[in-house]
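Hi,

Here is the structure I promised to pass on.

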Amino acid sequence: MENEQNLEWLQPQLFTRFKQNLKHGQLAHAYLFEGVAGVGKKEMALWLAQGVFCLNKQEDNLPCGHCQNCTRILEHQHPDVIELAPDGLSIKVDQVRELKVEFSKSGVESRQKIFIVEDVEKMTIGAANSLLKFLEEPEGTVIAFLLTTAKQRILPTILSRCQLVHFSPLSKKMLLNELQKSDISENQGSLLVHLTNSLETAVEMNRNEWFNESRGIIWKWFQLISQNEKQAFIFVQTDVMPHFKEREQQLLIFELLLLAYRDALMLLYGSVDLLAYPQYQKNLQEFLAQSRGKDITQAIETILFSKKKLESNVSAQGVFEQMVLLLMSVSPVKTR
Ligand SMILES: [Zn+2]
């Protein structure tokens with residue numbers, strides 16, 4: 001039941017649609033569930049498997065969630081629901097062969113089989129070919145749920161045999177809520193949900209020490225810039241460059257800075273909802289008290305322009321130094 005509530009919350013539209021499908025006994029032969037990590041793809045596949053095998057179906061043909069079959073499915077113990085995930089970096093042909101052997105064993109509970117393949121884009125060509133033979137089994141005896149976070153890497157021959165189902169990413173609020181369940185504070189989580197829409201990536205970033213130092217450095221830099229401190233210029237050489245060495249890393253600087261200015265704009269328009277830096281709301285208000293909206297917009301344009309320059313391979317330090325001068329020219333003038 002918990003799984004069901006979770007699905008209703010994560011994917012309300014898809015959940016409604018699949019409830020209709022179960023009610024009318026209209027499941028397709030093969031599905032490709034596509035979407036970022038943590039949006040309920042596996043949960044949906046397991047719930048539909050329950051819908052097929054439940055011994056105590058409820059109104060509208062829905063699974064009860066606690067009969068023997070439903071329980072075994074959730075515990076990954078049902079002999080007719082077979083799950084496959086990459087062994088190391090890929091799904092190998094032997095794994096698919098084993099799956100076939102599993103399937104051909106007689107004496108398993110029913111003729112109906114369901115298989116769930118995670119990260120299906122990681123299948124080797126051999127494994128994919130072997131899987132395709134599966135998908136050619138007569139309708140109704142096999143239902144395949146292929147799950148992927150990278151639809152563009154799925155072989156066209158597989159794609160063409162599946163019904164494609166897109167799982168939308170979580171809204172920022174939902175993602176933040178999920179992050180808090182994994183003991184990530186609201187302050188930390190708020191920034192993460194502005195940088196990624198994947199739960200998995202957000203949790204990884206939060207564990208990454210380099211990233212956590214980055215957020216501190218860039219916030220400090222933003223403060224120096226927004227207070228028009230001369231030190232902001234030298235900060236490029238003393239703090240920014242030593243920490244952000246690779247081009248990939250340097251691109252994060254723009255994202256982190258943009259979010260600070262974006263927060264300022266949000267506050268300017270009276271929205272305190274979902275700031276990237278909620279813990280610094282007071283500092284931002286002080287900055288705003290002396291800024292004009294068009295200066296903030298100008299700052300945002302400057303950052304976007306600098307990002308383009310860096311992407312066209314101009315020296316990073318030069319780009320950041322020029323950017324800081326431009327940003328300070330639209331920061332409030334120091335009155336102290
Ligand atoms: Zn049941």
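Predicted model: local features only at pLDDT ≥ 70, side-chain atom pairs only at ≥ 80, totals over all residues.

**What I found**

Is His-24 buried or exposed? His-24 counts as exposed, because it has 10 C-beta neighbours inside 10 Å, and the cut-off for exposed is 12 or fewer. If you want a distance to check on screen, go from His-24 to Ile-73: they are 49 residues apart in sequence, and their C-alpha atoms are 22 Å apart in space.

On confidence, the mean pLDDT of the protein is 89, with 95% of its residues at 70 or more. Helix 5 (residues 93-104) has the lowest confidence, with a mean of 75, while helix 12 (residues 231-243) has the highest, at 97.

Now the overall layout. The protein is split into domain 1, covering 2-166, and domain 2, covering 208-329. Between the C-alpha centres of the two domains there are 45 Å.

Five strands make up an open sheet, with parallel pairing and the order 2-3-4-1-5. Strand 2 (81-84) and strand 5 (163-166) are the edge strands, each pairing on one side only. On average, neighbouring strands in this sheet are turned by 20 degrees against each other, ignoring direction.

Helix 3 (residues 41-53) packs on the sheet and touches strand 1 (30-34), strand 2, strand 3 and strand 4. The direction of helix 3 makes about 170 degrees with that of strand 4.

If you zoom in on strand 3 (residues 113-117) and strand 4 (residues 142-148), you'll see them run parallel, joined by five bridges. Which residue of strand 4 is the bridge partner of Val-117? That partner is Leu-146.

**The helices**

Helix 9 (residues 186-195) has a run of buried residues: Gly-189, Ser-190, Leu-191, Leu-192, Val-193 and His-194. What covers them includes helix 8 (172-181), helix 10 (199-207), helix 11 (209-226) and helix 13 (247-268).

Leu-257 is in helix 13. Leu-257 has 23 other C-beta atoms within 10 Å, so it is buried. Setting aside residues up to four places away in sequence, Leu-257 touches Ile-218, Phe-222 and Ile-303. Another pair to look at is Leu-257 and Trp-219, which are 38 residues apart along the chain but have their C-alpha atoms separated by 7.6 Å.

Two helix pairs are left. A pair of packed helices is described by the angle between their axes and the distance between the axes.

- Helix 11 and helix 12 pack at about 170 degrees, and their axes are 10 Å apart. That angle makes helix 11 roughly antiparallel to helix 12. Residues Glu-213, Ser-214, Ile-217, Trp-221, Leu-224 and Ile-225 of helix 11 meet Gln-231, Ala-232, Phe-235, Asp-239, Val-240 and His-243 of helix 12.
- Helix 15 (residues 293-311) and helix 16 (residues 316-329) pack at an angle of about 170 degrees, with 10 Å between their axes. Helix 15 and helix 16 are therefore roughly antiparallel. From helix 15, the contact uses Ala-299, Thr-302, Ile-303, Ser-306, Lys-309 and Leu-310. Helix 16 contributes Ala-316, Val-319, Met-323, Leu-326 and Leu-327.

Cheers

How values were computed. Residues numbered from 1 in each chain as written. Domains from an automatic or database assignment. Buried ≥ 20, exposed ≤ 12 C-beta atoms within 10 Å, placed from the backbone. Helix = DSSP H or I, 4+ residues; strand = E, 2+ residues; numbered from the N terminus. Contact = placed C-beta atoms within 7 Å. Pairing = 2+ DSSP bridges. Axes fitted to C-alpha atoms, helices over the stretch in contact; angles between N-to-C directions. pLDDT = per-residue confidence, 0-100. Parallel < 35°, antiparallel > 145°, perpendicular 65-115°, else oblique.
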